[in-house]
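The sequence and the structure are shown first, and the points follow by topic.

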Amino acid sequence: MIDTDAIAARKRAIRSDMRAARAAFAHSVDARAIVPPPAYLERLAARPIVATYLPIGGEADPALLVDSARAAGCTLALPFVTSRAEPIRFVIWDEGVPLESGPFGLRQPPADACTIDPAIVLVPLVAFDARCHRLGQGAGHYDRALAARSRAWRLGVAWSMQQVESVPVDAFDVPLDAIVTERDYLEGRS
Ligand SMILES: Nc1nc2c(c(=O)[nH]1)N(C=O)[C@@H](CNc1ccc(C(=O)N[C@@H](CCC(=O)O)C(=O)O)cc1)CN2
Ligand SMILES: Nc1ncnc2c1ncn2[C@@H]1O[C@H](COP(=O)(O)OP(=O)(O)OP(=O)(O)O)[C@@H](O)[C@H]1O
């Protein structure tokens, strides 16, 4: 369909521009610049399972959000990916078990790590807009994972320079509940 093709082409263009700009920006910023917002800290009191990610390619680093979750006694999860085509699953991040090398330069728990269902998902992204729409890596990994977990609270983590006027949206794109950057905290409509 023409419309779908046009959206896909705009997504590809934003992805390629933003990946390059983000990698350059990440060199100039303190990796621990993103401070946990109050709405996130409040949710940690119930000790939810929190899915995080290990940054690649200049992605914003959720390190301080992970520290807060650990300090609150939460269980941490990481995505486990096998290929572009296969859906991801979230597995327990046990600090006592060494991470292994996975696809796309990712470090991840071993394949036999226990699958768990997070109540909070810290979501990496390539670009976002003021309505909390997100553009990811283009494999649909997070869109599929988030669609399967509609009750999870979805917090995007990004550098402020990743904000664009408007992210092109397909029917299957799952918007975020909120986004935190080194400068701002914004909430979607939900
Ligand atoms: N840190 C992190 N972990 C993650 C993701 C992510 O976006 N970031 N994922 C999100 O889905 C899943 C992995 N999926 C991925 C799918 C495609 C590509 C990818 O196409 N990478 C490009 C290079 C990107 C760059 O230059 O920055 C490539 O290999 O060509 C990467 C991850 C789960 N784990
Ligand atoms: N719920 C879903 N079920 C099956 N396929 C899906 C689903 N959501 C997205 N996809 C597929 O994922 C592909 C990539 O979508 P899109 O370009 O929006 O990825 P993205 O949002 O940038 O990436 P990601 O979600 O991996 O971070 C599309 O071809 C789409 O068909």
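**Ligand contacts and salt bridges**

In this predicted model, an oxygen atom of ligand 2 is 3.3 Å from a polar backbone atom of Tyr142, a polar contact being a pair of N or O atoms within 3.5 Å, where pairs within protein also need one atom able to donate a hydrogen and the other to accept it, and residues adjacent in sequence count only if both atoms are side-chain atoms. The protein buries 71% of the 660 Å² that ligand 2 exposes when taken alone, with accessible areas from the Shrake-Rupley method with a 1.4 Å probe (for residues, only the protein chains shown count as cover).

Conventions:
- Residues are numbered from 1 along each chain as its sequence is written, while chains are lettered from A and ligands numbered from 1 in the order in which they are written.
- Local features need pLDDT of at least 70, side-chain atom pairs count only at pLDDT 80 or more, and totals for chains, interfaces and linings use all residues, with side-chain values based on heavy atoms and with hydrogens and water left out.

Ligand 2:
- Lys11, Arg134, Gly136, His141 and Asp143 come nearest among the 15 residues around ligand 2, a residue being near if one of its heavy atoms lies within 4 Å.
- Oxygen atoms of ligand 2 also face the backbone: an N or O atom of Gly140 lies at 2.8 Å, and one of His141 at 2.7 Å.
- The shell around ligand 2 draws at least two residues each from α1, β8 (134-135) and α4, where helices (H or I, at least four residues) and strands (E, at least two) are DSSP runs numbered from the N terminus.
- Helix α4 gives the largest share of this shell, 4 residues.
- By class, this shell holds 4 nonpolar, 5 polar and 6 charged residues; Ala, Val, Leu, Ile, Met, Phe, Trp, Tyr, Cys and Pro count as nonpolar, Asp, Glu, Lys and Arg as charged, and the others, Gly among them, as polar.

Ligand 1:
- Around ligand 1 there are 16 residues, of which Leu54, Glu59, Arg84, Gln137 and His141 come nearest.
- A nitrogen atom of ligand 1 lies 2.8 Å from a backbone N or O atom of Leu54.
- A polar side-chain atom of His141 lies 2.9 Å from a nitrogen atom of ligand 1, and one of Gln137 lies 3.2 Å from an oxygen atom of ligand 1.
- Of the 680 Å² of accessible area that ligand 1 has on its own, the protein covers 80%.
- Helices α1 (2-26) and α4 (141-147) each supply at least two residues of the shell around ligand 1, which comprises 10 nonpolar, 2 polar and 4 charged residues.

Salt bridges:
- The count comes to 6 salt bridges, each a side-chain nitrogen of Lys or Arg within 4 Å of a carboxyl oxygen of Asp or Glu.
- One of them joins Asp67 and Arg32 (2.5 Å, N to O), linking helix α3 (residues 63-71) to the loop between α1 and α2 (38-44) across 35 residues.
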